[in-house]
Amino acid sequence: MRVIDSSSSSAHPQAGTPALRYWQVFISIIGLEAYAIILAFLQAMSGVRTDEAKYLLNIPYPHPPAARFLLGLTDGWAYQEFFWRFLFATLLVQAVFLIWSMGKILPRRDRFTLCGVWLFSAAFVAQTGSIMMAELTALQGLVFTWLWIRRDIAITR
């Protein structure tokens, strides 16, 4: 009788191997994208708000001209609104990897808690998927904070 050692099977990656790490990150990205789609869809269900219409239609309004210009470039698209909702939601949801990186000195459990607080906070759930500059400002602040905390990999090279 031949005994097959399940740990030597090439069908399932070993714990701690790069192949397993790759699949964990891949599944995380897919799950986060599903969450971004849900958040964008929930915002789309409420329709376009007045401020969002000003952004989408390139109406002069006190917001960054570059952002207004970029949003206005897509005014002829059939699903322009959902495209921007999905893009903004994706950027904010995938920013959890920056938060994970900033919490490098924390234990793994605390890093998961920190990422969960980012992803499931009331402000995040209420605003993600809307077409507002507040989302981009939050993302910009997060990137600058990441650059400041992770100076070892950001600017010094």
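Glu81 and Arg85 both lie in helix α4 (residues 80–94), 4 residues apart, about one turn of the helix. Helices here are DSSP runs of H or I with at least four residues, strands are runs of E with at least two, and both are numbered from the N terminus. The model is predicted, so local features need pLDDT of at least 70 and side-chain atom pairs count only at pLDDT 80 or more, while totals for chains, interfaces and linings use all residues. Residues are numbered from 1 along each chain as its sequence is written, and side-chain values use heavy atoms, with hydrogens and water left out.

**Overall make-up**

- The protein has 8 helices and 0 strands.
- Along the sequence the pattern reads α-α-α-α-α-α-α-α.
- Of the 157 residues, 31% are buried. Buried means under 20% relative accessible area, exposed means over 50%, and partly exposed lies in between (1.4 Å probe, protein chains only).
- The areas come from the Shrake-Rupley method with a 1.4 Å probe; for residues, only the protein chains shown count as cover.
- Take the contacts between residues at least 6 apart in sequence: 64% of them join residues at least 24 apart. A contact means heavy atoms within 4.5 Å.

**Salt bridges**

- The count is 2 salt bridges. The rule asks for a side-chain nitrogen of Lys or Arg within 4 Å of a carboxyl oxygen of Asp or Glu.
- Side chains of opposite charge can pair when their charged atoms come close.
- Glu81 pairs with Arg85, and their closest N and O atoms are 2.8 Å apart.
- Glu81 is partly exposed, at 22% relative accessibility. Arg85 is buried, at 0%.
- Asp110 pairs with Arg109 at 3.5 Å, N to O.
- Asp110 is partly exposed, with a relative accessible area of 27%. Arg109 is exposed, at 64%.

**Nonpolar cores**

- The largest nonpolar core has 21 residues. Such a core is a set of buried Ala, Val, Leu, Ile, Met, Phe, Trp, Tyr and Cys residues joined through side-chain atoms within 4.5 Å.
- Val93, Trp118, Leu119, Phe124 and Leu142 have the most contacts inside this core.
- Two or more residues come from each of α1, α4, α5 (96–102), α6 (108–120) and α8 (133–149).
- A second, separate core has 6 residues, among them Ala67, Trp84, Phe88 and Ile131.
- Phe124 touches Tyr35, Leu39, Leu92, Val93, Trp118 and Leu119, with residues up to four places away in sequence not counted.

**Buried sites and their partners**

- Arg85 sits 45 residues from Ala40 in sequence, yet their C-alpha atoms are 5.3 Å apart.
- Thr128 is in the loop between α7 (122–127) and α8. Thr128 is buried, at 1% relative accessibility.
- Thr128 and Phe88 are 40 residues apart in sequence and 7.1 Å apart in space, C-alpha to C-alpha.
- Neighbours within four places aside, Thr128 contacts Leu39, Gln43, Ala89, Leu92, Val93, Ala123 and Glu135.
- Val96 belongs to helix α5. Val96 is buried, with a relative accessible area of 6%.
- Val96 and Leu114 are 18 residues apart along the chain, and 9.1 Å separates their C-alpha atoms.
- Beyond four places in sequence, Val96 contacts Leu32, Cys115, Trp118 and Leu119.

- In helix α3 (residues 65–72), the buried residues are Ala67, Arg68, Leu71 and Gly72.
- These residues cover an arc of only 130° around the axis, so they lie on the same side of α3. The arc is that of the directions from the helix axis to the C-beta atoms.
- Pro65, Ala66 and Phe69 are exposed on the other side of α3.

**Surface patch**

- Tyr22, Trp23, Phe26, Ile27 and Ile30 make a nonpolar surface patch of about 540 Å². Patch residues have over 30% relative accessible area and no salt bridge; like charges are joined within 9 Å, and nonpolar side chains (Val, Leu, Ile, Met, Phe, Trp, Tyr) within 5 Å.
- Ile30 is in helix α1 (residues 18–45). Ile30 is partly exposed, with a relative accessible area of 47%.
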